[in-house]
Amino acid sequence: MAIDPRNYDLDELRAASDASMLDRVEETDAGAEWPDETDDESEGDRSAADTAFEASLTRDLATMDRRIEALERPYLPALPASLVAEALIFEWLEFLVLQAGRDSVDDAVDFYEAVGWLGSDAAEALDAYLSGIDDSRANADNDLNADDHRVSLHYVARLTSLTGR
């Protein structure tokens, strides 16, 4: 795996994200309308879906970060028990498996546990879910990159919000 998630923390992710997006989140919270992301000329080669997903990811992480000031590691000690959480888990694992194959995802879950994104109970449960996922469309020749880990942190944050922490 080329990218080591241990090198990430919330401050680095905030610095890596577009500062103007954080300003837009504050405007949205104040009642202003969310600007149209497709007007950005620098993203001409990206699809509208990619742009919308990136905007959603940045907005969600910024909003969650502002709400949870003193979040302790592991961020997700155990997986929440709900149908919504289960759907999110399968969506997350499917995304990772399609990006880099099951072996890379298994390594990523171990890394996420080592850096404190996941607790041991959550990592074990994800391993159990992962054992039931096999997709012939998986790109096992790829490694997960920084964007993939950022998406993973987004899923961790969403699952953490379902636990009521």
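**View 1. Helix α4 (residues 83–115) falls short of a straight helix's span.** Its 33 residues would reach 48 Å if straight, at 1.5 Å a residue, yet the end C-alpha atoms are only 27 Å apart. The expected span is 1.5 Å times one less than the number of residues. Helices here are DSSP runs (H or I, at least four residues), numbered from the N terminus. This is a predicted model, where local features need pLDDT of at least 70, side-chain atom pairs count only at pLDDT 80 or more, and totals for chains, interfaces and linings use all residues. Residues are numbered from 1 along each chain as its sequence is written, and side-chain values use heavy atoms, leaving out hydrogens and water.

**View 2. Look for the bend in α4 at alanine 100.** The bend is about 115°, taken as the angle between axes fitted to the seven residues ending there and the seven starting there. Just after α4 comes glycine 116, with a positive phi of about 95°.

**View 3. Here α4 packs against helix α5 (residues 120–131).** Their axes (lines fitted to C-alpha atoms over the stretch in contact) are 9 Å apart, at an angle of about 105°. The two helices are therefore roughly perpendicular (65 to 115 degrees). Contact (heavy atoms within 4.5 Å) involves residues including Trp92 and Val105 of α4 and Leu126 and Tyr129 of α5.

View 4. Serine 152 counts as buried because its relative accessibility is 0% (buried means under 20% relative accessible area, with a 1.4 Å probe and protein chains only). Serine 152 touches Trp92, Leu96, Tyr112 and Trp117, not counting residues up to four places away in sequence.

Conventions
Axes are lines fitted to C-alpha atoms, for helices over the stretch in contact, and angles run from 0 to 180 degrees between N-to-C directions. Angles under 35 degrees count as roughly parallel, over 145 as roughly antiparallel, 65 to 115 as roughly perpendicular and the rest as oblique. Buried means under 20% relative accessible area, exposed over 50%, partly exposed in between (1.4 Å probe, protein chains only).
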